[in-house]
Structure formats: structure tokens, C-alpha cells
Amino acid sequence: MKKYLSLLIAASCLLLSGCGGGGSIYSNYRATEHLLLVQALGADTAEDDGVTLSVSCQKLSSDNSGGIISRSAESITRALSSLQDFSADRQLYYSHAEYVLLGEDYAAAGTDNIFDYIARDNQLRLGIYLFVVKGGSAKELICGPGEDSYEVSKTLSSILRDTRTQGGSHVFTARETLRSLSDHGAALVCALRPYTTEDSVFLLEAGVNPVAEGYGILKGGELVGFVPSEISQAANLIMGNMGSAGITLSDSEGGRLSLEYEKGKADIKPRWAADGSLEGIVIKAKLQANLAEPDTDIKHVTDSAFLSQMEDALSRDMEKKISSLLSLSRELDADFLGIKAQLRRSNGENAAALPDSWLKNLEFSVECETKISYTRELGDQMSAEGGGE
């Protein structure tokens with residue numbers, strides 16, 4: 001884990017030293033019409049343990065048209081040089097790059113090389129957003145239908161905006177990922193799944209498009225598995241990134257409620273034995289959900305017994321998701337939730353003495369409490385119909 005800390009330090013030193021090139025800023029001046037602004041960079045495995053790099057660019061010209069280039073080589077440096085060779089008379093400029101996509105095979109083989117390059121390069125920034133492609137390659141998402149008018153960055157920008165508000169996944173930067181690898185030995189990376197126009201009629205671009213789907217799990221820099229989208233909300237809750245994701249519940253009489261999580265908090269409480277050993281942990285979560293839309297008799301939702309039933313159903317649902325997430329962490333022996341850091345805050349001496357197998361043998365229990373409130377629109381509707389107080 002020290003190697004990831006050293007990369008963070010190296011990147012900080014590079015920032016403090018300026019642009020890294022030395023001399024006047026005018027020595028690196030390029031006319032804007034001679035630049036290709038790289039917006040997204042993708043990395044995949046190539047033959048003979050090489051790497052395939054793909055870039056999506058925007059030209060600084062009157063039509064702001066884009067460009068897509070993909071080249072393979074034995075190393076990242078050689079592949080970047082090959083990309084430049086095939087960019088004609090325009091200089092590839094990486095300082096405005098916002099996204100890095102890692103193909104599943106590349107991430108599974110190890111991400112140290114790409115992190116090392118991002119941290120030490122004088123153009124790429126550790127604030128760049130990181131994705132892993134589930135069941136596909138970065139190249140197929142970067143290149144899309146293979147047309148110069150296609151810009152994957154527009155779709156990624158939309159995904160970034162949606163994940164911030166909807167709570168299905170969270171997009172971490174390279175810096176946040178390196179910090180988690182350094183502190184916990186594991187990290188989560190927002191996973192993208194390639195979809196074609198045949199999969200959905202709502203996709204705007206022809207060909208292959210990225211859709212956020214849970215998380216990839218990095219352990220020691222290697223992709224070892226995925227957090228399914230069905231339980232990724234539990235990870236967001238524990239990590240403090242709870243969004244306003246929706247959920248639909250059915251009651252015993254066939255009615256349905258559409259709810260939206262407003263906020264949530266989860267605390268990890270360790271149970272220490274008298275001899276300092278870890279007996280287990282208790283995760284206590286509190287959730288608040290808004291009643292977005294009742295698909296049942298609107299007056300029925302004012303019944304306290306009915307609301308208690310729905311709150312209990314929400315609590316049980318989240319308990320199952322958290323339990324599944326912890327079981328996955330235990331199975332992979334990957335502390336991507338930072339549980340040991342929580343244990344250190346509770347008792348640093350006991351946490352430091354934990355055996356290497358502490359996570360694989362971890363016992364846990366989950367307690368969840370949920371409260372459902374009404375939206376303003378529902379309250380107005382109830383008043384108009386004579387419901388409520």
C-alpha cells in the first residue's frame with residue numbers, strides 16, 4: 001500500500017514544482033488551431049502484454065469537431081507516442097482530459113502502470129474521473145460507432161451528473177482511488193457496461209454506449225470483482241455518498257408505493273472481546289425516504305399501520321443489501337468499505353493487533369431504521385381531496 005502513497009506524494013511534488021517542463025510558459029506555447037484536446041483516455045490489454053490506448057479528442061476549430069484515435073504498443077509511453085504520430089499535424093493535449101476508462105481485462109491484469117503514469121505526467125491530473133468497463137473494452141466505448149462526430153465525454157458527463165443525484169453509483173477520481181488503495185488496500189471504481197442501440201431505444205448515439213452499473217472492486221491494484229448495481233446503494237450509504245435513488249414497494253393488498261431516498265447514514269460499531277480480539281461489527285443505519293408517488297388509494301398511505309409496514313419493508317430491504325455487500329467484501333478479502341479504518345478510530349491498539357485473516361473471519365449484524373415522509377405535492381393533493389389533518 002506504500003506504493004500508492006508514494007504516487008500521491010509524487011503527484012503533489014509535481015504540482016508544487018509547476019508545469020514540470022522548466023523555463024518560461026511561452027516555451028511550451030502552441031497555437032490553439034494546432035491542438036487536439038483529449039477529453040477521454042481508455043486503456044486495454046494488447047497482444048504480448050502490451051497496452052492499447054484510445055483517446056477521444058476535440059479540435060479547437062470553428063466547427064469544434066472531434067476525433068478518435070486508438071493505437072497499441074508494448075508500453076503506455078510508446079502507445080502515447082504512437083497516438084501522437086497518428087494525429088497528423090495536431091498536438092495531443094491532455095491537460096483537459098476528464099475521464100479515464102479501463103477495460104475489464106486491463107484492470108484485472110493490474111492498474112499500477114496507468115496510475116503511475118497519471119501521477120507522474122505533467123499534463124494528466126489525479127482529479128481525473130475513473131471508470132472500469134464491465135464485460136467490455138475501453139476502446140469500444142471511446143470509439144463508439146467509429147464516427148468523428150461521436151464524443152463519449154458527453155455521455156460520461158451525463159453519467160457523472162446522474163450518479164451525483166440518483167445514488168446508483170458514485171464516480172471516484174484517480175486521487176480518491178489511490179487514497180483508498182493506500183489506506184485500505186482496496187477501492188471501488190464506478191463500473192460502466194457497454195450497451196448497444198438494440199438494448200435500449202432511449203440511447204441517443206448509434207452503436208455502443210456506456211451505462212453506469214455498480215462498481216468494480218480493486219484489490220492491490222487489480223480488478224477482483226464487481227459490486228452489482230442492485231446492492232451498490234448500500235456501498236453509497238456506508239461511504240456517505242447516499243443519493244436520491246428511487247425504490248418501489250408492494251403491500252400485502254397489491255398496492256404499490258414509489259419512494260425516493262432523501263438521506264441516510266450508517267455507523268460501524270465494533271464489538272471487542274475482553275482480550276482485545278474482534279468479536280464482530282454491528283452496522284446501524286438510519287434512512288429517510290420521501291413518498292414520491294402512491295400507486296394505491298392516496299388516503300391509504302396516511303394509515304400509520306400501513307406506513308409502518310412500508311418502513312419495515314424498506315429497512316429489511318436495505319439490511320439485505322448491506323449484508324450482501326459485507327459478504328462480498330469478506331469473500332474477496334477486500335476492505336473496499338474502509339472497515340478497518342473505522343476499527344482504528346474505535347481502538348487503535350486492538351485494530352493494529354488484528355490478524356491478517358480478520359476480514360475473512362468477520363462476523364457482522366445489520367440494523368436499519370427507516371422513516372417515510374410525504375412530499376409537498378402529495379400533501380397538496382391530500383388536502384384537495386379532504387385527506388390528512
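Q: Contact means heavy atoms within 4.5 Å; which residues does Ile-118 touch, not counting residues up to four places away in sequence?
A: With those neighbours set aside, Ile-118 touches Val-100, Leu-124, Arg-125, Leu-126 and Ile-128. A word on the ground rules: this is a predicted model, in which local features need pLDDT of at least 70 and side-chain atom pairs count only at pLDDT 80 or more, while totals for chains, interfaces and linings use all residues. Residues are numbered from 1 along each chain as its sequence is written, and side-chain values use heavy atoms, with hydrogens and water left out.

Q: Why is Ile-118 called buried?
A: Buried means under 20% relative accessible area, exposed means over 50%, and partly exposed lies in between (1.4 Å probe, protein chains only). Ile-118 has a relative accessible area of 2%, so it is buried. Ile-118 sits in helix H4, and its C-alpha is 8.2 Å from that of Ala-174, 56 residues apart in sequence.

Q: What angle do helices H2 and H4 make where they pack?
A: Helices H2 (residues 76–85) and H4 (residues 112–120) pack at about 65 degrees, their axes 11 Å apart. The helices are DSSP runs (H or I, at least four residues; strands are E, at least two), numbered from the N terminus. Axes are lines fitted to C-alpha atoms, for helices over the stretch in contact, and angles run from 0 to 180 degrees between N-to-C directions.

Q: Which residues of H2 and H4 meet?
A: From H2 come Ile-76, Thr-77 and Leu-80, and from H4 come Asn-113, Ile-114 and Tyr-117. By class, this contact has four nonpolar, two polar and no charged residues. Here Ala, Val, Leu, Ile, Met, Phe, Trp, Tyr, Cys and Pro count as nonpolar, Asp, Glu, Lys and Arg as charged, and the others, Gly among them, as polar.

Q: What makes the pair Thr-52 and Ser-72 a polar contact?
A: A polar contact is a pair of N or O atoms within 3.5 Å; within protein, one must be able to donate a hydrogen and the other to accept it, and residues adjacent in sequence count only if both atoms are side-chain atoms. The side chains of Thr-52 and Ser-72 come to 2.6 Å in such a contact. Thr-52, in strand S2 (residues 51–59), is buried because its relative accessible area is 9%.

Q: What makes Glu-74 and Arg-78 a salt bridge?
A: A salt bridge needs a side-chain nitrogen of Lys or Arg within 4 Å of a carboxyl oxygen of Asp or Glu. Glu-74 and Arg-78 meet at 2.8 Å, N to O, and so form one. Glu-74 counts as exposed at 52%, and Arg-78 is exposed at 52% as well. A search of the whole structure finds eight salt bridges.

Q: Why are Asp-183 and Arg-179 about one helical turn apart?
A: They are four residues apart in helix H7 (residues 174–184), so about one turn separates them. Asp-183 is partly exposed at 34%, and Arg-179 is partly exposed at 40%.

Q: Why is Lys-321 called buried, and Asp-317 partly exposed?
A: Lys-321 has a relative accessible area of 14%, so it is buried, whereas Asp-317 is at 23% and counts as partly exposed. Their side chains meet in a salt bridge of 3.2 Å, N to O.

How values were computed
Contact = heavy atoms within 4.5 Å.
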